[in-house]
Amino acid sequence: MSDWPQPPAPDRHPASFVTLAGADWLASASPHPRRMHHLWATRPTAPSVLPCGTVFDVINVPALFGRRMADCLWAAGPGSGPVAIHRGRLLLFAARGTAQRLPALLSWEEWARSMPPLLCHGAGDAVSIPPLHPGRTAPDAPPPSSRWLVAPDVRDPWLPGPDVLLWACVRAARTAPSESPAAPDAVRPAATGAGARP
């Protein structure tokens with residue numbers, strides 16, 4: 001990948017581009033990291049699929065609620081790990097084991113009924129990730145539906161665990177408008193296999 005990284009497009013923030021170190025970290029989740037690097041070198045603007053549970057878990061939330069969570073993490077918390085948007089949902093990359101523990105922690109919270117359904121992707125699941133380098137678009141074009149909001153940029157990024165994401169979920173639920181519909185089954189474990197891809 002001699003042309004890596006590509007120069008950022010003038011209309012894109014540098015945080016939306018995955019660095020070579022970030023690509024190494026993402027590829028380490030695959031059983032075939034070299035194959036992933038080859039795919040990204042030949043098709044850097046194509047989405048790809050990675051397994052969860054070995055390097056990271058992913059908490060998959062509706063976009064608006066996810067933005068509230070990310071705002072809480074950055075405004076009054078420790079920040080976040082990588083964050084992406086894909087098909088109208090926010091993907092928060094989390095520490096391994098979070099997908100298993102977060103639903104149990106949330107079931108004890110009184111605010112859980114105020115939260116939209118969360119999908120927790122862990123061991124045995126896979127997620128679609130945005131392109132590492134989004135293609136150039138016209139200045140007045142809407143942003144792509146699959147993109148990085150906080151792209152991986154180091155080989156060992158800090159990832160929030162279940163306790164940090166619990167705090168962010170509760171804070172986001174408290175700041176949500178009162179007309180948000182309550183969800184009795186607010187947190188669902190992700191389906192495994194092909195159904196696990198958002």
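This is a predicted model: local features need pLDDT of at least 70, side-chain atom pairs count only at pLDDT 80 or more; totals for chains, interfaces and linings use all residues.
**Entry 1: strand β4**

I began with strand β4, residues 89-94. Five of its six residues are buried. I then looked up its partners. Strand β2 (residues 57-62) runs antiparallel to β4, and six bridges join the two. In that pairing I found valine 61 opposite leucine 90 of β4. Strand β3 (residues 83-86) also pairs with β4 in the antiparallel sense, over four bridges. Here valine 83 stands opposite leucine 92 of β4. I noted that β3 and β4 make a hairpin with two residues between them. Arginine 87, in the turn, has a positive phi of about 55°.

**Entry 2: helix α4**

Next I listed the buried residues of helix α4 (residues 98-106): Thr98, Ala99, Leu102, Pro103 and Leu106. Viewed down the axis of α4, they fall within an arc of 120°, so they line one face of the helix. The spacing follows a general rule: an α-helix has 3.6 residues a turn, so residues three or four places apart point the same way.

**Entry 3: cysteines**

I searched for disulfides and found zero in the structure. Cysteine 72 is in no disulfide, and the nearest cysteine sulfur, in cysteine 169, is 9.5 Å away. Cysteine 72 counts as buried, at 11% relative accessibility.

**Entry 4: aromatic pairs**

A search of the whole structure gave four aromatic pairs. One of them joins tryptophan 25 and phenylalanine 56, with 5.3 Å centre to centre and 50° between the planes, a tilted pair. Tryptophan 25 sits in helix α1 (residues 20-27) and phenylalanine 56 in the loop between β1 (48-51) and β2, 31 residues apart. Both tryptophan 25 and phenylalanine 56 are buried.

I then took phenylalanine 93 and tryptophan 148. Their ring centres are 5.6 Å apart and their planes are at 35°, so this pair is tilted. Phenylalanine 93 belongs to strand β4 and tryptophan 148 to strand β7 (residues 146-150), so the pair ties together parts 55 residues apart in sequence. Both phenylalanine 93 and tryptophan 148 are buried.

Last, I looked at how these rings connect. Ring pairs link Trp25, Phe56, Phe93 and Trp148 into a cluster.

How values were computed
Residues are numbered from 1 along each chain as its sequence is written. Side-chain values use heavy atoms; hydrogens and water are left out. Buried means under 20% relative accessible area, exposed over 50%, partly exposed in between (1.4 Å probe, protein chains only). Two strands pair if DSSP finds at least two bridges between them. A disulfide is a pair of cysteine sulfur atoms within 2.5 Å. The arc is that of the directions from the helix axis to the C-beta atoms. Rings of Phe, Tyr and Trp (its six-membered ring) pair if their centres lie within 6.5 Å; planes under 30 degrees apart count as stacked, over 60 as edge-to-face and the rest as tilted.
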